[in-house]
Structure formats: C-alpha cells, structure tokens
Amino acid sequence: MTASEAAGRAGDTDRAEDLAALQRYGSGLLRRAVDFCVELLDGLPPLTRADLARPTPCALWNLHMLLLHLDDSLAALHEAVTDGAVRVVPPPRDPVRDLPASLREGARRLVNVWTDADRAGGVVMVGGCAVTAGVVAGAGAVELVVHGWDVSRALGGDVRIPEPLAERLLRLVPLLIPGDARGGLFGPPVPVPPDAQPTDRLVAFLGRVPGLG
C-alpha cells in the first residue's frame, strides 16, 4: 500500500466515524446550535423596515429574506421531529411585527421537542428520501449557526461562534456539503490564514468572507 492509499483509507475511516457520530449525536448538536441562535436573537435590536432591507453575506438575500428563511428552517426542523417528514408551507407574516418573535418562539419550541432519546435513531422523509434524524439535525445545526452569523454581519456585528461548536461543525460540513454538491446553496470556499479562528474557518468554508476580528 502506498502512502497516499494509506492516507486515503485513514481519511475514509475518519469520515465514517464522523458520520456515525453525526447520526448518533446530531440532535445534541442541534440543541447547542439552537442555544446559540436564541442568544443571538435575544440580543437583536428592534428591527425597522430599513434594517430588513440590509444586504447579508447570502448573495441576493436581504435581511428580511434571510430571517424568513431561518423561520422556515425552524418550522421544518420542528416538523421533522414531530411528524417524521418535512412538508412545511410557510404562513403569511408581517415582516416587522411578527418575524423576530416567531424566530424566538420557533427556536425555543424546537429545543423542547427534539431529544436524543426520541429521534437519534429515527428516520425523516425529506423530499421523498429517507434521511436519519441525526443527519437532519446536524444539517439544521449548520443552518442555524451560519445563518445566525449572517444576521449578525448584516446588522454590522461579528458574533463569534462558540469554539467547540464551530470545531464540531467544521468536521461535519464536508460530509453534509461536499464540494461537488454545492449548487446555488453556497459559494466556493474563501481562503483564510492557517491560524484563523474556528468561526472564520467555518463561515469561509461555506463561501462567506469572515470578519477575522
């Protein structure tokens, strides 16, 4: 066996171990992501219509569109655990008055229903495909954490993701978002210095320009 073959096999083993951990502990990771998201939402100032028109790190999305997407994501994750399938149809909302409250309520409600004991070994139907609940939870954790960072940047901040959470997500995002399956969801990775902090490496992997603060 050549050195490159040995390295490839070691990499395959590491990926298999990470995937197994995700399937088993994804809902615990999701709870940590929800805690981060709730803390960020609690710190938001009252949002005006001018705030909601601000650009975000997500190309072609303003803050209003991003918050609507987060609200839909929380509803879909709640539906995944309660119904075992994702079929969300977003309700109409007043963007200024109802949306921030809906996000806070949705995040707290999600943390109350998704537990390792209930769903870690279950299956969720997503677009007609069966996906383990742990993988759905891990994908949801990435969504909430990175879009939470996007919200902070849109409002002029540079929130730092807790280092253990960012490090764990850094191990998982290559499994959830392989380089050949980004489509229009994420831009190409942004180069960062080798000593960049976990927050900056995570958002850069997902196509964002980090604050590097």
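Which residues in H3 meet which residues in H6? The H3 side consists of Leu63, Leu66, Leu67, His69, Leu70, Ser73, Leu74, Leu77 and Ala80, and these meet Val136, Gly140, Glu143, Leu144, His147, Asp150, Val151 and Ala154 in H6. Contact here means heavy atoms within 4.5 Å.

## Basis of the model

This is a predicted model, in which local features need pLDDT of at least 70 and side-chain atom pairs count only at pLDDT 80 or more, while totals for chains, interfaces and linings use all residues. Residues are numbered from 1 along each chain as its sequence is written, and side-chain values use heavy atoms, with hydrogens and water left out.

## Overall architecture

The protein has 8 helices and 3 strands. Helices (H or I, at least four residues) and strands (E, at least two) are DSSP runs numbered from the N terminus. Along the sequence, the pattern is α-α-α-β-α-α-β-β-α-α-α.

Of the 213 residues, 41% count as buried, a class defined by under 20% relative accessible area, with exposed over 50% and partly exposed in between (1.4 Å probe, protein chains only). The protein exposes about 10,800 Å², of which carbon and sulfur atoms supply 57%; accessible areas come from the Shrake-Rupley method with a 1.4 Å probe, and for residues only the protein chains shown count as cover. Among the contacts with a separation of 6 or more, 71% are accounted for by residues 24 or more positions apart.

## Helix H3 and its two partners

The axes of H3 and helix H6 (residues 133–154) come within 10 Å and cross at roughly 160°. Axes are lines fitted to C-alpha atoms, for helices over the stretch in contact, and angles run from 0 to 180 degrees between N-to-C directions. H3 and H6 are therefore roughly antiparallel to each other; angles over 145 degrees count as roughly antiparallel, under 35 as roughly parallel, 65 to 115 as roughly perpendicular and the rest as oblique. The crossing of H3 with H6 is left-handed, a term for a near helix turned anticlockwise from the far one by less than a right angle, clockwise being right-handed. The contact of H3 with H6 comprises 11 nonpolar, 4 polar and 2 charged residues. Ala, Val, Leu, Ile, Met, Phe, Trp, Tyr, Cys and Pro count as nonpolar, Asp, Glu, Lys and Arg as charged, and the others, Gly among them, as polar.

Helix H3 (residues 63–83) also meets helix H4 (residues 99–113), their axes coming within 9 Å and crossing at roughly 25°. H3 is thus roughly parallel to H4, and this crossing is left-handed. Residues making the contact include Leu67, Leu70, Leu74 and Leu77 of H3, together with Leu103, Ala107 and Leu110 of H4. By class, the contact of H3 with H4 has 11 nonpolar, 4 polar and 2 charged residues.

## Helices H7 and H8

Helix H7 (residues 163–176) and helix H8 (residues 198–205) have axes that come within 9 Å and cross at roughly 30°. On the H7 side, the contact includes Leu169, Leu170 and Val173, and on the H8 side Leu202 and Phe205. Its residues divide into 8 nonpolar, 1 polar and 3 charged.

Arg171 is found in helix H7 and counts as partly exposed, at 43% relative accessibility. Its C-alpha atom is separated by 9.5 Å from that of Leu202, 31 residues apart along the chain.

## The loop position Gly43

Gly43 lies in the loop between helix H1 (3–42) and helix H2 (49–52). Gly43 is exposed, with a relative accessible area of 60%. The C-alpha atoms of Gly43 and Ser152 are separated by 9.8 Å, although these residues are 109 apart along the chain.
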